[in-house]
Amino acid sequence: MVYLKTDDEIELLRASNDLVGKTLAEVAKYIKPGVSTKQLDTIAEEFIRDNGAIPTFKGYPNQNRVPFSGSICTSVNDVVVHGIPSDKVFLKDGDIISVDCGTLLNGFCGDSAYTFCVGEVAPEVKKLLDVTKQSLYLGIEQAVPGKRIGDIGNAIQNHCQSNGYGVVREFVGHGIGKEMHEDPPVPNYGAAGRGMMLKNGLCIAIEPMITMGVRNIYMEHDGWTVRTVDHKPAAHFEHTIAVRPCGALILSSFKYIEEVLNSNQ
Ligand code: MG
Ligand code: MG
């Protein structure tokens, strides 16, 4: 069931997603060698609750009803998504870490992710991050009325594969609203002109998960952590957007994050 949102509902979604952007920026301030992913989780949870929201990931059940223990997903290097914050995982110089964050504010969900560099990262890994982020915006460009879900995935897939990267298929983007995961699924691959027609008021999270090597992944026994089979790095960027008459309106924001990253340089 796809729920198209009203203008008022889109404003509420924007507020929740804006808080996600600010939370990711708060986390960004602490991303450096020696920090544990659990420390980042504590910073995020406090920030979300201090702003009157709930971290939607905390306690979220997987298929086997195992609740996620963190407030953010912290996915380091070959972890593609759903890395569990841990006091045993410490960031090292040269790592990359995807931080995925979700909030519930005034009844509406925010969902956005950004992959960060820790210290000095190899140029080929930086390129993976750049291309993945570019592919997110190419996908967003397709999110206009009259286009179809497949146009989004096709744009992402073409850009990433033409750079020699793999596109994860087992996990996809999604509709978003009062629930974090609504219909429709939004794959990062597909055929142009296929799939559901995009309409004004459709709100979706677009989230390319892109691998440096093969696209194949496996899940660890914890039921959450998703890794590349070849243990090469993976990147993940996510925006929540609304389809509007004149194009895609990005409801989440990387502006706050990039202010922090630029002030560190
Ligand atoms: Mg997310
Ligand atoms: Mg999502």
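**Exercise 1. Describe how helix 3 passes helix 4, and characterise their contact.**

Solution. Step 1: the crossing of helix 3 with helix 4 is right-handed, a term that applies if the near helix is turned clockwise from the far one by less than a right angle, anticlockwise being left-handed. Helices here are DSSP runs of H or I with at least four residues, and strands are runs of E with at least two, numbered from the N terminus.

The model is predicted: local features need pLDDT of at least 70, side-chain atom pairs count only at pLDDT 80 or more, and totals for chains, interfaces and linings use all residues. Residues are numbered from 1 along each chain as its sequence is written, chains are lettered from A and ligands numbered from 1 in the order in which they are written, and side-chain values use heavy atoms, leaving out hydrogens and water.

Step 1: helix 3 (residues 123-141) and helix 4 (residues 149-162) have axes 8 Å apart, at an angle of about 155°. Axes are lines fitted to C-alpha atoms, for helices over the stretch in contact, and angles run from 0 to 180 degrees between N-to-C directions.

Step 2: helix 3 and helix 4 are therefore roughly antiparallel (over 145 degrees; under 35 is roughly parallel, 65 to 115 roughly perpendicular and the rest oblique).

Step 3: Val131, Gln134, Ser135, Leu138 and Gly139 of helix 3 meet Ile152, Ala155, Ile156, His159 and Cys160 of helix 4, where contact means heavy atoms within 4.5 Å. By class, this contact of helix 3 with helix 4 has 6 nonpolar, 4 polar and no charged residues (Ala, Val, Leu, Ile, Met, Phe, Trp, Tyr, Cys and Pro count as nonpolar, Asp, Glu, Lys and Arg as charged, and the others, Gly among them, as polar).

**Exercise 2. Carry out the corresponding analysis for helix 1 and helix 5.**

Solution. Step 1: the axes of helix 1 (residues 7-28) and helix 5 (residues 255-263) come within 7 Å and cross at roughly 20°. Helix 1 and helix 5 are therefore roughly parallel, and their crossing is right-handed.

Step 1: on helix 1, the contact residues are Asp18, Gly21, Lys22, Leu24, Ala25 and Ala28, which meet Tyr256, Ile257, Val260 and Leu261 on helix 5. The contact of helix 1 with helix 5 comprises 7 nonpolar, 1 polar and 2 charged residues.

**Exercise 3. Locate Asp87 and identify what it touches.**

Solution. Step 1: Asp87 lies in the loop between strand 3 and strand 4 (96-105).

Step 1: leaving aside residues up to four places away in sequence, Asp87 touches Ser36 and Lys38.
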